[in-house]
Amino acid sequence: MAFQTKIIGREALMRRLDELVPEANKAAAVAKLEVAREAASRIASRAPAGATGAYKDSIIGARQADMPAGERPVFGGNPSKDPDATAVYADFTWKFLEHGTAPHLIKGRNGKRLAFTVRNGARVSVPSVNHPGSAAQPHIFYTWKAYRKAAKAKISRAISKAVKEATKGA
């Protein structure tokens, strides 16, 4: 006897799972949030040594529904339709740290001069500055790649445990 499978999509699968075992979706939501927070913690611990404490503190794992509308997650960038979706969020500078920057010219806006304080404390005003660029300091994608398999397993275990508990009395 051969088994037949039908691919129905994530939304339909979750709807069907909710019909059979409503606790499974709740358990998955809790596990997703734990995974996002653990991923954020691991990423923050591997942030570049020169990164500020403010940058490291900005790396958080949270539910997408709990974040302000303009916030975009580090991975993917588009909000999910899943009400329990989670993501890792960080200050926008993560892109420059992760991928580095090419040398470029920084000009004042609207014809204005750039004004800043240099290392010796002197105040300087110039029309433009040549930025030397910065080397890439990857810490996000490598960390997630190392953790991804364990993260998926954690969510799967939570769903399996909920299913087993729901079917124990049946």
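**Figure 1. Contacts across the whole chain.** Residues 24 or more positions apart make up 63% of the contacts in the protein chain with a separation of 6 or more. The model shown here is a predicted one. Of the 170 residues in the chain, 29% count as buried. The accessible surface of the protein chain amounts to about 12,200 Å², and carbon and sulfur atoms contribute 55% of that area.

**Figure 2. The order of helices and strands.** Welcome to the overall layout: the protein chain holds 5 helices and 6 strands. Read from the N terminus, the elements follow the order α-α-α-β-β-α-β-β-β-β-α. The radius of gyration of the chain is 23 Å, well over the 15 Å that the globule rule gives for 170 residues, so the chain is more spread out than a compact globule. Along the principal axes, the C-alpha trace spans about 80 × 30 × 30 Å. As for charge, the chain carries 29 positive and 14 negative charges, and their mean positions lie 9 Å apart.

Figure 3. Is aspartate 84 buried or exposed? With a relative accessibility of 18%, aspartate 84 counts as buried, because the cut-off for buried is under 20%. Setting aside residues up to four places away in sequence, aspartate 84 touches Asn25, Ala29, Lys32 and Arg63.

**Figure 4. Alanine 47 in its loop.** Our next stop is alanine 47, in the loop between α2 (22-45) and α3 (53-58). The relative accessible area of alanine 47 is 9%, so this residue is buried. Which residues does alanine 47 contact, leaving aside neighbours within four places in sequence? They are Tyr55, Lys56 and His139. Take a look at glutamate 98 as well: 51 residues separate it from alanine 47 in sequence, while the C-alpha to C-alpha distance between the two is 9.2 Å.

Figure 5. One place to start is threonine 117, whose bridge partner in β5 is arginine 123.

How values were computed
Residues numbered from 1 in each chain as written. Predicted model: local features only at pLDDT ≥ 70, side-chain atom pairs only at ≥ 80, totals over all residues. Heavy atoms only, no water. Helix = DSSP H or I, 4+ residues; strand = E, 2+ residues; numbered from the N terminus. Rg over C-alpha atoms; globule rule 2.2 N^0.38 Å. Buried < 20%, exposed > 50% of the residue type's maximum accessible area, 1.4 Å probe, protein only. Contact = heavy atoms within 4.5 Å. Areas by Shrake-Rupley, 256 points an atom, 1.4 Å probe, with all protein chains shown as cover. Lys, Arg positive; Asp, Glu negative; His and termini not counted. Charge placed at Lys NZ, Arg CZ, Asp CG, Glu CD. Pairing = 2+ DSSP bridges.
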